[in-house]
Amino acid sequence: MDTAVVPGSVHGQVGEQLSEPAADDRTPSARRGAADPVKALMHRHRQLCERAVDPLEIAAALEAHGVTDRTATHFRHRDVFSLAEEMYARVPRAGDTAPRPETRDIPRAHADWAVRTLLPGALCAAVVTGLRYTEGRPRLAVTVVGVLAVALAVRAARSRGPLHATRPWSPTPSTRAWTYWLVAYALLGDGLLAAAIEGGPDGPPTGSPGSSWPIALASVLALSVACAPAAWCAHLFAVRARRRLATSRALEDFASSVKPLLLGVFVLFLCILGGLLALCGAVLDERVAYAGAGALGALLLLARLLTVHGFRRAPAVMLAAAGVAEAVALLSVFGSRLPGCEALAVPVETVTDAWGAGAVPALVCGAAALVLLLHATRTLTRASTHAAHGDAL
């Protein structure tokens, strides 16, 4: 599990100054101040309290380093919020004589990132239109230029707004590569897998449903258009969580109120994505793999939400695991053509015979998304996650 790192003028001191108080304050100095158990804690972390804008920052910093409501009882307080309020009130702050840091406002929507999130869908729609009306070398040129344009548009959408990771970290090349592979499989994988099981493919992929290797344009178009609702869902989650943080009185109360919010935003995005898949399928007159594309969309949304809030390890691992599983599924079918290796394709053929080729990405991405959803319900419901989240909106 990742531990939230609290940046900023106040929280930047936490990594060096703050540790678990329940153990450290059983020192001789703490025992001498047994009548006032908070006194030693205030002395050790005076600078943190002086520079805090409000008690919520102290409470979030304490929680980020493992201090729980149970730990707060050692200092004769019912919860971490109550302990933070006393620490904030009793220590003179530098803000009394110097300008205090600005309080971070509730994230607001801005036109720049709103427009950026519409670019991937618009460019992908243009590319799909070009593919429908071109053949031969022009078609290849449209494909290459279109892929590059959509990739740059997605990168622009993530460079600002609620999909932008403001913490000091950027995705590794391997994480980007697995993400691109998952999207490429959504475009080509189901058709290639079905053709391979039947003994093909006998030719290059085309956009016609009756070809030996059809491509799923509707799924990729819907996922590209879904960048905009994904950004708005992430924005909605950030805004509502920050508001509930301001009114919460205990860590458990905040977590219990944010968990339904997270699940509601997740379900809202899936409903929107399902509608986009149906619309794109109807416009392109193409059969849509709802389960596979929906599972991939859920996986990408959760991975981005966790990354934006500083929890990057789990998304990287699950994206890689899903990409490897899809690659292994394809390779096992082709590998079964080697003499004596027929058994390699049995698991994949069993799944596809029962539910079709789209069941492979549905099961793989669905399982990875479920793991990230469970991880998100434990990490994105922490007060420190939202108090520490520097918003670039």
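## Basis of the model

Because the structure is a predicted model, local features are taken only where pLDDT is at least 70, side-chain atom pairs count only at pLDDT 80 or more, and totals for chains, interfaces and linings use all residues. Residues are numbered from 1 along each chain as its sequence is written, and side-chain values use heavy atoms, with hydrogens and water left out.

## Overall fold

The chain contains 20 helices and zero strands, where helices (H or I, at least four residues) and strands (E, at least two) are DSSP runs numbered from the N terminus. Of its 393 residues, 48% count as buried; here buried means under 20% relative accessible area, exposed means over 50%, and partly exposed lies in between, with a 1.4 Å probe and protein chains only. Among the contacts in the chain with a separation of 6 or more, 81% join residues 24 or more positions apart, a contact being heavy atoms within 4.5 Å.

Helix α15 covers residues 251-284, which makes 34 residues, and it reaches 49 Å from its first C-alpha to its last, close to the 50 Å expected at 1.5 Å a residue. The expected span is 1.5 Å times one less than the number of residues in the helix.

Most residues other than glycine have a negative phi. Asp285 is placed in the loop between α15 and α16, and with a relative accessible area of 68% it is exposed.

## The largest pocket

A pocket and a cavity are both sets of points on a 1 Å grid over the protein atoms alone: in a cavity a 1.4 Å probe fits but cannot get out, whereas a pocket is an open set with protein on both sides within 12 Å along at least five of seven lines, and lining residues have an atom within 4 Å of a point. Grid points are joined across faces, edges and corners, and a volume is the space filled by probe spheres set on the points. By these rules the largest pocket holds about 1400 Å³ of space, and 50 residues line it, of which Val150, Tyr180, Val183, Val220 and Ser224 lie nearest its centre.

Several helices, including α10 (111-132), α12 (173-197) and α14 (227-247), each supply at least two residues of this lining, while α11 provides the largest share, with 12 residues. The lining divides into 36 nonpolar, nine polar and five charged residues, where Ala, Val, Leu, Ile, Met, Phe, Trp, Tyr, Cys and Pro count as nonpolar, Asp, Glu, Lys and Arg as charged, and the others, Gly among them, as polar.

Among the residues that line the largest cavity are Leu182, Asp190, Ala289, Glu326 and Cys365. Helices α12, α16 and α19 (359-379) each supply at least two residues of the lining of this cavity, and α12 gives the most, with four residues.

The structure holds two aromatic pairs. One of them joins Trp113 and Trp232, whose rings are 4.9 Å apart centre to centre with 55 degrees between the planes, which counts as tilted. Rings of Phe, Tyr and Trp (its six-membered ring) pair if their centres lie within 6.5 Å, and planes under 30 degrees apart count as stacked, over 60 as edge-to-face and the rest as tilted.

Why does this pair tie together parts that are 119 residues apart in sequence? Trp113 lies in helix α10 and Trp232 in helix α14, so the pair links these two parts of the chain. Trp113 counts as buried, at 0% relative accessibility, whereas Trp232 is partly exposed, with a relative accessible area of 41%.
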